[in-house]
Amino acid sequence: MATYQLNVNGERKEVTVDPSTPLLWVLREEFNMTGTKYGCGISACGACTVHVAGVATRSCMLPVSLVGERPVVTIEAMGKDPVGRAVQDAWVEKDVVQCGYCQSGQIMSAVALLKHTRKPTDANIEESMGGNICRCGTYVRIREAIKTAAQRL
Amino acid sequence: MPLTNTNTNDLTLISRRNFLRASATAAGGLLLALYLDSPSAAQEKSQPPSKPKVYPPDAFVEIRPDGKIVIQVNRLEFGQGVHTALPMILADEMDADWSQVVAELAPAADVYKDPLFGIQLVGGSGSIAHSFQQYRELGARARALLVAAAAARWKVTPEQCRTEQSVVYGPSGQSARYAELASEAARGTVPASVTLKNPSEFRLVGKRVKRLDSGPKCDGSLKFGLDLNLTNMKVAIVAHPPVFGAKVRSFDDKEARAVEGVRDVFEIPVARGGTGVAIVADKFWPAKQGRDRLKIEWDSSGVERADTSQLWSKYRELARTRGNVAVARGDAQAVERIAASRRLVAEYEFPYLAHTPMEPLNTTVRFDGERAEVWVGSQFQTGDQAAIAEVLGLKPEQVTFHTEMAGGGFGRRATPDSHVQREAAEIAKRMRAVPVKLVWTREDDVRGGYYRPMHLHRVEIGLGADGMPAAWRHVIVGQSIIADTPFAMMMKDNIDPTTVEGVNDTQYDIPNFHLSAHHPKVNVPVLWWRSVGHTHSAFVMETLIDELAARARVDPFAYRRRLLKPEAKKLRAALDLMEAQSASWRRSLPKNHALGIACHESFGTGVACAVDVSIEKKRPRIHRATVAVNCGLAVNPLTIESQFQAGTAFGLSQLMAKGAITLRNGIVEQRNFDGYVPPYMPDAPVSVDVHIVPSTEAPSGCGEPPVPVISPAVVNALARLTGKRYRSLPLVTL
């Protein structure tokens, strides 16, 4: 067990866990921030995507001991982020979600894309979103919602 | 049992035909099995059929003082949209203000059982089809109570009142909000019969209404079963046997118990007579670390070690013999009398498929010795509640059962043996008074069985001089899903209807049609996978029909139309609409692109699909899909559009290069999304336009029907590009 100081959504948070504990489980079980989802545990589905120092990162394989000072941003903070808000609004407007379980991760990947590429092409979208599985298969509407959000930014 | 009512419009009741159709699906079998056993169903059964069941509106609708109208949804929501559509139906008849409607998933209780199945279950794409009438009547009865209360207050007749947006208006300008009338209305007598709206009077039904659950699913606030966090809750993970049904011979838990946070380690019974080792810890990660450190000796003696390559050999042999006969129309030997030059023999192979819903399977149980409380995203509350009660030595009614929102399911959350819930109950039994959340890791899910069965189809076709099929002999080999389950009584002539559906009821008019099936017993648990038998039957039928059309040098639309039965009106209308809507792009396909089409009817819904496909990086690239749907009255066209857009991506799971579960020496070879890979965005169509055939017939299913058509449509396009016929899935190479 070791104690870590984390910067999550702009707040200092302290946690004492085994150093191997993935950031995902620290968020979900230590901080009760369950918007970030467990889907595979091997960085293959993207349900656990958060931003670490602004980069879309799979939190399921990132040990808490390696996070360090880098700021962590999760789905719970997206409502206060202008790009996050635009993406969430577009998602609701386009009625994207079905079961919804993957959508936190989809939105975090989409926001990371739009922060770097304000007017993404279809190829940009496929590249950035290409590691997020939606088992319901809502990809057509995800693509439309990203374009809608991009138009407003 | 169909509901009856003073339904004065032309929207028919759930018809006998639909009832029979439903009973020919996996879910329907449960109906027969459990309906007869259930005392309440027996009671209903003894009633004359003319006497309708009156559902108590107060179990479904609550009008709160602040004007909120809370509607109970008697089904699991796991993406399909009933959490919005059922409240729409009720709110429409009630004339409720939609902006004030809140939907809740109902717990397990008799009143929430499917009116046709007699159990609480999502299956057979029946949620809207079975509960459309029920929710309309509930809404109309709630409205009638409110109007009666207002009329009494104003000393007028109910007929003098009208309603709109949660307000009753009287003849002399009086008005009262539903919330003001609620307590008076609650004292009224529920009318036995009510008049329902004409379709032209619908305000919500038939409109593109957005989902009620979007917001909390986009900001991370919606709690799925896996997100549950109860006071003092523990997390459990189970080490499952590597071979189905194997048992723990011995285990060493010293290192596992040394992990900080691990609280207990013990053996429990698991599915198929096997045993496993449960690790209970404070949190997920220590439970996982504990499991990784367990040393277990397994005893797999006396357990069959299934091996897919050996199974294929066995299946191939079986397919050369006649199975149990499902359909024998005309002359079974006719095919042999047709000249070899006009005969075609085709063998198709379909692998085991895992469902892999995004939210891993989980169940939380708290057992205090006399009662239990359960939280689970269950497709099958009635069975899961009974199974948990059985393990804990309780009666089902002593198990309070909360239905949690679920992250997908596709059939995986409706298991006849409730094996996940039984594991959770076994753990809770030991951890008395402590709530325990059992989590199946993704590895448990991929390796854990309950797959779409592998199938082999062998088809011999004899063509007439006109190029149309004159004789068709079809043998299907595949495990039965329902044999040895409570659903088994739905077997007919030793045939599992879910194996042959889509072939036995083909909409094509083929003389001399013979279909038989073998159901080998294999030590691999199998289960319905979204659209069940249609996952493979539609692929076989629609690729063969396309091949026959090409061979006859007839346009694939014209060939299908010529072969469709005159009574296949629903499917024909879908095919016509698809042809019209895809006309513009079909005629101007870019170079190296090809068109593929398919049509299929399942769960009462006719679907036709056209795709524009090219080959990129040796994989199919689907630039566009046009889908036409004939599902009767479209309750929420927006949801239907979404289901059909996304359902195409789900259907493409079958074509993925790593889209198969295989076993070697009894052990599943895939572990996670690295070895068993579902479609990602680039694998799905870039765009899908969905068109709905206008209809005021009773609504039919939209959850499963999107799945069957896409794979054959894509493969038909590939055949045009490569000249090859693809009969073995997944598509490892093109």
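Modeller: Let us begin with helix H1 of chain A, residues 23-30, which is mostly covered, as 7 of its 8 residues are buried. Buried here means under 20% relative accessible area, exposed means over 50%, and partly exposed is in between, with a 1.4 Å probe and protein chains only. Helices (H or I, at least four residues) and strands (E, at least two) are DSSP runs, numbered from the N terminus. Before we go on, please keep in mind that this is a predicted model, in which local features need pLDDT of at least 70 and side-chain atom pairs count only at pLDDT 80 or more, while totals for chains, interfaces and linings use all residues. Residues are numbered from 1 along each chain as its sequence is written, chains are lettered from A and ligands numbered from 1 in the order in which they are written, and side-chain values use heavy atoms, with hydrogens and water left out.

Which residues of H1(A) are buried? They are Leu23(A), Leu24(A), Trp25(A), Val26(A), Leu27(A), Arg28(A) and Glu29(A). In chain A, these buried residues pack against strands S1 (2-8), S2 (11-17), S3 (49-52) and S5 (72-73). From chain B, strand S7 (234-239) and helix H9 (284-292) also pack against them. A contact, throughout, means heavy atoms within 4.5 Å.

After H1(A) comes Asn32(A), in the loop between H1 and S3 of chain A. Most residues other than glycine have a negative phi, and most peptide bonds are trans. With a relative accessibility of 39%, Asn32(A) counts as partly exposed.

Tyr450(B) is not a glycine either, yet has a positive phi of about 60°. Tyr450(B) sits in the loop between helix H13 (442-447) and strand S18 (455-463) of chain B, and is buried, with a relative accessible area of 5%.

Strand S18 of chain B also holds Gly462(B), which counts as buried at 0% relative accessibility. Leaving aside neighbours within four places in sequence, Gly462(B) is in contact with Val335(B), Ile338(B), Arg342(B), Arg343(B), Met468(B), Pro469(B), Ala470(B) and Ala471(B).

Another strand to find is S15 of chain B, residues 372-376, where Trp375(B) lies. Trp375(B) is buried, at 8% relative accessible area. Beyond four places in sequence, the contacts of Trp375(B) include Leu228(B), Leu230(B), His402(B) and Glu404(B). Thr364(B) is also among the contacts of Trp375(B); the two are 11 residues apart in sequence and 5.1 Å apart in space, C-alpha to C-alpha.

Now for a pair of helices. Two packed helices are described by the angle between their axes and the distance between the axes. Here the axes of H15 (residues 534-551) and H19 (residues 706-722) of chain B come within 8 Å and cross at roughly 35°. Axes are lines fitted to C-alpha atoms, for helices over the stretch in contact, and angles run from 0 to 180 degrees between N-to-C directions. The crossing of H15(B) and H19(B) is right-handed, meaning that the near helix is turned clockwise from the far one by less than a right angle. Among the residues that meet are Phe539(B) and Glu542(B) in H15(B), with Val715(B) and Arg720(B) in H19(B). In the segment after H19 of chain B you will find Pro730(B), joined to Leu729(B) by a cis peptide bond with omega about 0°.

Finally, the space inside. A cavity is a set of points, on a 1 Å grid over the protein atoms alone, where a 1.4 Å probe fits but cannot get out, and lining residues have an atom within 4 Å of a point. Grid points are joined across faces, edges and corners, and a volume is the space filled by probe spheres set on the points. The count comes to 10 cavities of 30 Å³ or more, and the largest cavity has about 630 Å³ of space. Its lining has 44 residues, with Gln80(B), Ser125(B), Cys702(B), Gly703(B) and Glu704(B) nearest the centre. Helices H2 (26-37), H4 (82-94), H5 (127-154) and H18 (637-651) of chain B each give two or more residues to that lining.

Notes:
On a 1 Å grid over the protein atoms alone, a cavity is a set of points where a 1.4 Å probe fits but cannot get out, and a pocket is an open set with protein on both sides within 12 Å along at least five of seven lines; lining residues have an atom within 4 Å of a point.
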